[in-house]
Amino acid sequence: MIWALPAGDYAPTQLLEPIFMAFFAALVLWPNYLAIALPSLPWLTLLRIIGVPLIAVLLICISVSSVFRARLWDVLTTDKAILWLLVGVIVMQTITLPLSRDPGASLNRWIIAQVNWTTIFVVACVVFMRPGFAEYWVRVLLAMLFLLCAFGFWEARLSHVPWAGQIPSFLKVEDESVQRILSGTARAATGVYRVQGPATTSLGFAELLGLAIPFAMHLALDRYGLISRLVGVTFIPIAVWMIILTDSRLGVVAALASVMFYLLIWALLRWRQHQRSIFGPAIVFAYPLIFTGFVAATFLIGRLRAQVWGDGSLQASTESRIDQWMMGLPKVIRNPAGHGVGQSADVLGFTNGAGAITIDSYFLSILLEIGILGFIFYYGLFLRGIWTATSTVVESRGEQEVRLLLPIAVSLINYVIVKSVLSQDANHPLVFMMLGAVVALTYRARQHAQRA
């Protein structure tokens, strides 16, 4: 029906941004396990309720407007490597569907990926083209996370999420996993409650905070006004404190990685833009020593070592991850083409202490689901995004908003690091927004350079 619409100048492009921002708000603020559950139907989550109109509006714009199609293609082909790596991921997800032991479940996960990943990436390429939108997006992200941190401190006092027991009947999902989330979790070895916010686990909440810290650092250090600087400076210690309350090593690692990688890219940028200053090159040349000293500190300082590498209370978690790789690699070798989207945990067959089937590393998940070639495409996509963002921000002398590629690059680095130990995909739409921002801001930077 959409493809049958007549061509014209009536494409509803103005609807893309508000629906995109509604999806963004639902992604960060709304617990995705609170949904309308009808018999024999998938859960009607808020992301699905917003995501379906978003993809419909995008398809209408592509169908009816040749101007929109041409502009979109120009932006998408700014970095053809990113575009074709994404296409490679989609192809591998598609051709592994017949290989799945549960094709229906894999098809469901495939559809979700095309909405939450592909559609979000394409729409981000459009909306981040508007001057001012990228800075607006960053401020909205930090504002929402300030709110979640406030709820997190409240949750830490209650030892359960504040909305437990206050959920209206039409949003209650009678599922054992949802009841487990609402009752809260604590580390078995210590008994300390782990704050989880609106995420399904404390690890997912810590990942979200770790991905946001580079943006707070950028507001604090770049050429912004006093209020923006205060927001950035205030957010960083609050986010780190909240990560500690989640008792998640991956969040601490992401926070520390933000400092180290932001420092390196910032020094390269300063060297490029202030060639007479010795401060930038001094940091760049001293960086190997700085990085080595930083890594040594994580081994030598007791409390920092426990937060990064773990102690006796976390040994079981470390051993389970090692066991999963030992079990998973032979299965990858036996079937290097993959076992189908969403099937990694079942294929691996690892059960935790509670008897639940689980998988911890998204590296291993991708290898098991879409194979070795899919692994290369997927992580090549993010590595290419990191390279494009870094090279563009270092070489560009354009508008201030383009310099947001610096924290985006650092956040994508954090994502790749975190995925080595976290297989959850709740925050994936956020990083695909960032990938779209990389493409759009790079396009803007190149257009500015051509005009200059």
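**Entry 1: helix H9**

I looked up what covers the buried residues of H9 in this predicted model. The cover includes helix H6 (133-158), strand S2 (193-194), helix H8 (202-221) and helix H10 (249-273). I then listed the buried residues themselves. They are Ser 228, Gly 232, Phe 235, Ala 239, Met 242, Ile 243 and Thr 246.

Next I checked the length of H9, which runs over residues 226-246. Its 21 residues, at 1.5 Å a residue, should span 30 Å. I find 31 Å between the end C-alpha atoms, so the span agrees with expectation.

Asp 247 follows H9, and its phi is positive, near 55°.

**Entry 2: cavities**

The structure has two cavities of 30 Å³ or more. The largest cavity holds about 50 Å³ of space.

Which residues line the largest cavity? I noted Val 89, Gln 93, Trp 117, Val 341, Tyr 362, Ile 366, Glu 369, Ile 370 and Tyr 378. Two elements give two or more residues to this lining: helix H4 (80-95) and helix H15 (362-395). H15 supplies the largest share, five residues. I sorted the lining by class and got seven nonpolar residues, one polar and one charged.

**Entry 3: Arg 444**

Is Arg 444 buried or exposed? I count Arg 444 as buried, because its relative accessibility is 6%, and the cut-off for buried is under 20%. The residue sits in helix H17 (residues 428-451).

**Entry 4: Ile 36**

I turned to a loop residue. Ile 36 lies between helix H1 (16-29) and helix H2 (46-64). Its relative accessibility is 28%, so I log Ile 36 as partly exposed. That class falls between the 20% and 50% cut-offs.

What does Ile 36 touch, with residues up to four places away in sequence not counted? I found Pro 42, Trp 43 and Leu 44, along with Phe 170 and Leu 171.

I also took one distance from this residue. Ile 36 and Leu 182 are 146 residues apart in sequence. In space they are 17 Å apart, C-alpha to C-alpha.

Key
Residues are numbered from 1 along each chain as its sequence is written. This is a predicted model: local features need pLDDT of at least 70, side-chain atom pairs count only at pLDDT 80 or more; totals for chains, interfaces and linings use all residues. Side-chain values use heavy atoms; hydrogens and water are left out. On a 1 Å grid over the protein atoms alone, a cavity is a set of points where a 1.4 Å probe fits but cannot get out, and a pocket is an open set with protein on both sides within 12 Å along at least five of seven lines; lining residues have an atom within 4 Å of a point. Grid points are joined across faces, edges and corners, and a volume is the space filled by probe spheres set on the points. Helices (H or I, at least four residues) and strands (E, at least two) are DSSP runs, numbered from the N terminus. Ala, Val, Leu, Ile, Met, Phe, Trp, Tyr, Cys and Pro count as nonpolar, Asp, Glu, Lys and Arg as charged, and the others, Gly among them, as polar. Buried means under 20% relative accessible area, exposed over 50%, partly exposed in between (1.4 Å probe, protein chains only). Contact means heavy atoms within 4.5 Å. The expected span of a helix is 1.5 Å times one less than its number of residues.
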